[in-house]
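Hello,

Here is the structure we talked about handing over. Please look it over, then read the notes below.

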Amino acid sequence: MKHPVDIEHWDRRDNWRFMRDFANSWYSITSEVDVTEAYAEAKQRHESFFIRYLYAILRAVNEIREFGYRPDGDGVCWFDEIGATVPLAVPGKTFYTVLIPYIKDYKTFYEKFMELKSHIPEDGDPYGVNRELIESGQTGVVNISVTPRLYFTSMTYTFHKPGLGSDWPLMNVGKVVHRGDRLIMPIAVYVDHCFVDGGNLSTLMEKIQSYL
């Protein structure tokens, strides 16, 4: 649900006022998580490793309040629940973006994802979901893209328009690689500094690691 933020009594008021008029207040970081146990367990159970880390990321995001803030006209709003827009490959096409709701129970989340994946239109607008969310103002999501064949150590992102990097945080998950006897996976995050600080990103990566 979307809630207006009372700027005068908001603990990030001064941060927001300082950065809101920057030419671009968005920044990105890339870090890594150890997925050794999570990957092995998913394979052992014949489950999707992709859904497993998607859940870990979305649960972590929902437990950090700062990831729910969004610009709202001349003010700020806050979403008490964050879903995910996830581009999924469509055979013979490019991809189709699916809106995944956050469900804390992992089994139910898994089943819901499989249901949504099975109803992807063969010739839908790749960005149709994104357009609808922007037009409706329901921007309480993060975008989680995946490049499973590409390991990366940094990431840059496109600007939506001058002064606005994106309408919501963007994330990208890369290829799992061996590092000694461990499995490592890169995760890039693109956020608005008006709302999200380095400490919040540190907590995010710690929580993702924990849930994996």
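**The sheet and its hairpin**

Keep in mind that this is a predicted model. Start with strand S3 (residues 69-72) and strand S4 (residues 75-79): they run antiparallel and are joined by four bridges. Arginine 70 has cysteine 77 in S4 as its bridge partner. Aspartate 72 stands opposite glycine 75, also in S4. The hairpin leaves two residues between the strands, and glycine 73 there has a positive phi near 65 degrees.

S3 and S4 belong to an open sheet of three strands. The order is S1-S4-S3, with antiparallel pairing. S1 and S3 are the edge strands, each pairing on one side only. From one strand to the next, the twist averages 35 degrees.

When you view the strands, remember a general point. Side chains in a regular strand alternate between the two faces of the sheet.

**Links across the sequence**

The structure has 15 salt bridges. One of them pairs lysine 2 with aspartate 72, and their closest N and O atoms are 3.4 Å apart. Lysine 2 belongs to strand S1 (residues 2-4) and aspartate 72 to strand S3, so this pair ties together parts that lie 70 residues apart in sequence. Side chains of opposite charge can pair when their charged atoms come close.

What does glycine 75 contact, leaving aside its neighbours within four places in sequence? The partners are Trp16 and Arg70. Its C-alpha is also 8.7 Å from that of aspartate 6, although the two residues are 69 apart in sequence.

**Helix H3 against H4**

Helix H3 (residues 49-62) packs on helix H4 (residues 106-117). The angle is about 120 degrees, and the axes are 10 Å apart. H3 and H4 are therefore oblique to each other. Their crossing is right-handed.

The H3 side of this contact consists of Phe50, Ile51, Arg52, Leu54, Tyr55 and Leu58. They meet Tyr106, Phe109, Tyr110, Phe113 and Met114 in H4. By class, that makes 10 nonpolar residues, no polar ones and one charged.

**Helix H3 against H6**

H3 also crosses helix H6 (residues 198-211), at roughly 135 degrees. The axes of H3 and H6 come within 8 Å. That angle makes H3 oblique to H6. This crossing, too, is right-handed.

Which residues make the contact between H3 and H6? From H3 come Ala56, Ile57, Arg59, Ala60 and Val61. From H6 come Leu204, Lys207, Ile208 and Tyr211. The contact divides into seven nonpolar residues, no polar ones and two charged.

**Asparagine 62**

Not counting residues up to four places away in sequence, asparagine 62 touches Glu81, Ile82 and Tyr102. The C-alpha atoms of asparagine 62 and lysine 104 are separated by 9.4 Å, and the two residues are 42 apart along the chain.

**Where to look**

Take the S3 and S4 hairpin, with glycine 73 at its positive phi. Then view the salt bridge of lysine 2 with aspartate 72. Finish on H3, where H4 packs at about 120 degrees and H6 crosses at roughly 135 degrees.

Best wishes

Technical notes: Residues are numbered from 1 along each chain as its sequence is written. This is a predicted model: local features need pLDDT of at least 70, side-chain atom pairs count only at pLDDT 80 or more; totals for chains, interfaces and linings use all residues. Side-chain values use heavy atoms; hydrogens and water are left out. Axes are lines fitted to C-alpha atoms, for helices over the stretch in contact, and angles run from 0 to 180 degrees between N-to-C directions. Angles under 35 degrees count as roughly parallel, over 145 as roughly antiparallel, 65 to 115 as roughly perpendicular and the rest as oblique. A crossing is left-handed if the near helix is turned anticlockwise from the far one by less than a right angle, and right-handed if clockwise. Contact means heavy atoms within 4.5 Å. Ala, Val, Leu, Ile, Met, Phe, Trp, Tyr, Cys and Pro count as nonpolar, Asp, Glu, Lys and Arg as charged, and the others, Gly among them, as polar. Two strands pair if DSSP finds at least two bridges between them. A salt bridge is a side-chain nitrogen of Lys or Arg within 4 Å of a carboxyl oxygen of Asp or Glu.
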